[in-house]
Amino acid sequence: MFTVVIHPEVQVREKQQFPAYCTCRKCRHTFHPKNEDQSCLELCDHCLDEQQMLHEPVISVHVKPQPRRAAK
């Protein structure tokens, strides 16, 4: 059994609920946000997926190590 003790110094606030429906700022469709991030970004599922897929290509450079030369 668990006992919860609340001290008077602790401030308890109700968690703000994000709106039931939002309008996507890109395509202007109405959608129901699934999490707080989606609500803050104001992007529907489709536009959020597109945004996450847009990223710069990773540039990789492969360099062959050269054998060490003997010091003279």
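The secondary structure of this protein comes to two helices and two strands, where helices (H or I, at least four residues) and strands (E, at least two) are DSSP runs numbered from the N terminus. Read along the sequence, these elements follow the pattern β-β-α-α. Before I go further, please keep in mind that this is a predicted model, in which local features need pLDDT of at least 70 and side-chain atom pairs count only at pLDDT 80 or more, while totals for chains, interfaces and linings use all residues. Residues are numbered from 1 along each chain as its sequence is written, and side-chain values use heavy atoms, with hydrogens and water left out.

Let me turn to the overall numbers. Of the 72 residues of the protein, 14% count as buried; buried here means under 20% relative accessible area, exposed means over 50%, and partly exposed lies in between, with a 1.4 Å probe and protein chains only. The protein exposes about 7,900 Å², of which carbon and sulfur atoms supply 55%, the areas coming from the Shrake-Rupley method with a 1.4 Å probe and, for residues, with only the protein chains shown counting as cover. Taking contact to mean heavy atoms within 4.5 Å, residues 24 or more positions apart account for 2% of the contacts with a separation of 6 or more.

The largest nonpolar core has seven residues in all, namely Cys 22, Cys 24, Phe 31, Leu 43, Cys 44, Cys 47 and Leu 48, a nonpolar core being a set of buried Ala, Val, Leu, Ile, Met, Phe, Trp, Tyr and Cys residues joined through side-chain atoms within 4.5 Å. Not counting residues up to four places away in sequence, Cys 47 touches Cys 24, Lys 26 and Cys 27. Leu 48, for its part, is found in helix H2 and counts as buried because its relative accessibility is 15%. With neighbours within four places left aside, Leu 48 is in contact with Gln 38, Leu 41 and Leu 43.

That brings me to Gln 38, which sits in helix H1, residues 36–41. Is this glutamine buried or exposed? Gln 38 has a relative accessible area of 2%, and is therefore buried. Beyond its neighbours within four places in sequence, Gln 38 is in contact with Phe 31, His 32, Pro 33, Leu 43, Cys 44, Asp 45 and Leu 48. The C-alpha atoms of Leu 48 and Gln 38 are separated by 7.5 Å, with the two residues 10 apart along the chain.

Which residues form a salt bridge? Asp 45 pairs with Lys 34, the closest N and O atoms being 2.8 Å apart. This pair links distant parts of the chain, since Asp 45 is in helix H2 and Lys 34 is in the loop between E2 and H1, 11 residues away. A search of the whole structure finds one salt bridge, defined as a side-chain nitrogen of Lys or Arg within 4 Å of a carboxyl oxygen of Asp or Glu. Asp 45 is partly exposed, with a relative accessible area of 34%, whereas Lys 34, at 59%, counts as exposed.

A word on the backbone. Most residues other than glycine have a negative phi. Arg 28, however, has a phi near 65 degrees, a positive value in a residue other than glycine; Arg 28 lies in the loop between strand E1 (22–23) and E2 and is exposed at 60% relative accessibility. Glu 42 likewise has a positive phi, near 55 degrees, and is found in the loop between H1 and H2, where it counts as partly exposed at 38%.

Finally, the surface. Ile 59, Val 61 and Val 63 make a nonpolar surface patch of about 390 Å². Patches are made of residues with over 30% relative accessible area and no salt bridge, like charges being joined within 9 Å and nonpolar side chains (Val, Leu, Ile, Met, Phe, Trp, Tyr) within 5 Å. Of these residues, Val 63 is found in the segment after helix H2 (45–53), and at 69% relative accessibility Val 63 counts as exposed.
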